[in-house]
Amino acid sequence: MIEVVDILVRGEQFTERYDTQRIRLDTGDYCLVESVIGIQMGKVIAPARVMKARCVDDKLPKVIRKASDSDIDILHRLEQLEYDARKFCIDRIAELNLEMKLVKVIFAFDKSKGLFMFTADGRVDFRELVRDLAHHFKTRIEMKQIGIRDEARILGGIGNCGCALCCVSFLRDFHPVSIKMAKDQGLSLIPSKISGLCGRLMCCLQYEHEHYSHQVKCMPKMGKRVMTPKGEGRVRQLNILRGLIMVDLVEGDMEEFTSCEVTPYHIYLEQKEKAEKEKADNAESADQADEKPEQEKHFEQEAKGPEQKSREARSR
């Protein structure tokens, strides 16, 4: 059995599970933990709980100790250092004329390492910048190039729906999003309508794509000739979410039908031809059934012997 706790580490967007090592921690407490860049401060988000060893990762990071008042003072000084480092780095980027944008700066709690995250359109030669930063702050410097979606996650914001960005609130991993997803859902293809704050296609386009792609397969395409309960027509509009099809009938009226009521015209012709063939086959079978008794009577007469025929003649 292992006691685990959910902790939001400074500089991260989502909580991670940590081994408490039997250190008593309550919700809201600060503690020092192991992180990617070294020792870091974290905040307890949920109460500790006991789990079976097979249900947790073998390489579960550990809590080092509970933070003291002096650690909180160090944290405040560290935040000031990060503010100064960001300002210094932006000035050096401008002086060196580097085509990059600094997004975030974070130092390890013990100042053993500084992580500078930036975005750029291509590769950037930042070797001179790293030397200047290392000389100025007397620590190891790591430059990390991130994508434009990661930048939006770090900076945060409000999406077109009025809620916090998905990548900030719950979306841990980014999945590919294509323009086809927007087409399948019948959305406007104007970039400003389907793009997020990062300038890329909105991640939420993929949430309902599976349902839409399944529904589209059950519906005729726009402009296709179809047959409806009220006659022939052409598809003018699709309401994929509700499963409704707007059809322009030959008579000139616009009617709305469900996908079950609309049949593509070529399938309708095939079904009609098949029905007519079955009808013809049934009629032929009925005619053959009527002729069969007469043939059987003839065969019975042929099968009678001469003696039986003479008896029938005498009796008459």
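The model is predicted. What covers the buried residues of helix H3 includes strand S7 (101-107), strand S8 (113-119) and helix H4 (166-169). S7 and S8 also each supply at least two residues of the largest nonpolar core, which has 22 residues.

**Helix H3**
- Helix H3 spans residues 148-155, and its buried residues are Arg 149, Glu 151, Ala 152 and Arg 153.
- Gly 156 follows H3 and has a positive phi, near 75°.

**Nonpolar cores**
- Within the largest nonpolar core, the residues with the most contacts are Met 100, Phe 116, Leu 129, Leu 133 and Met 143.
- At least two residues of this core come from each of helix H1 (69-96), S7, S8, helix H2 (127-137) and strand S9 (140-145).
- H1 gives the most to this core, with five residues.
- Apart from neighbours within four places in sequence, Phe 116 is in contact with residues that include Ala 85, Cys 89, Leu 102, Val 105, Phe 107, Leu 133, Ile 141 and Met 143.
- The contacts of Phe 116 also include Lys 104, Glu 142 and Lys 144.
- A second, separate core has ten residues, among them Met 219, Val 235, Ile 245 and Leu 249.

**Strand S1 and its partners**
- Strand S1 (residues 2-9) is largely enclosed by the rest of the structure, because six of its eight residues are buried.
- S1 pairs with strand S2 (residues 16-19) in the antiparallel sense through four bridges; in S2, Arg 17 is the bridge partner of Asp 6.
- Six residues lie between the strands in the hairpin of S1 and S2, where Gly 11 takes a positive phi near 95°.
- S1 pairs with strand S4 (residues 38-44) over three bridges, again antiparallel, and the bridge partner of Leu 8 in S4 is Lys 43.
- S1 also pairs with strand S5 (residues 49-51) over three bridges in the antiparallel sense, with Val 50 in S5 as the bridge partner of Glu 3.

**Cysteines**
- The count of disulfides comes to zero.
- Cys 161 is in no disulfide: the nearest cysteine sulfur, that of Cys 163, is 4.2 Å away, whereas the cut-off for a disulfide is within 2.5 Å.
- Cys 161 has a relative accessible area of 63%, so Cys 161 is exposed.
- Cys 31 has a relative accessible area of 0%, so Cys 31 is buried.

Key: Residues are numbered from 1 along each chain as its sequence is written. This is a predicted model: local features need pLDDT of at least 70, side-chain atom pairs count only at pLDDT 80 or more; totals for chains, interfaces and linings use all residues. Side-chain values use heavy atoms; hydrogens and water are left out. Buried means under 20% relative accessible area, exposed over 50%, partly exposed in between (1.4 Å probe, protein chains only). Contact means heavy atoms within 4.5 Å. Two strands pair if DSSP finds at least two bridges between them. A nonpolar core is a set of buried Ala, Val, Leu, Ile, Met, Phe, Trp, Tyr and Cys residues joined through side-chain atoms within 4.5 Å.
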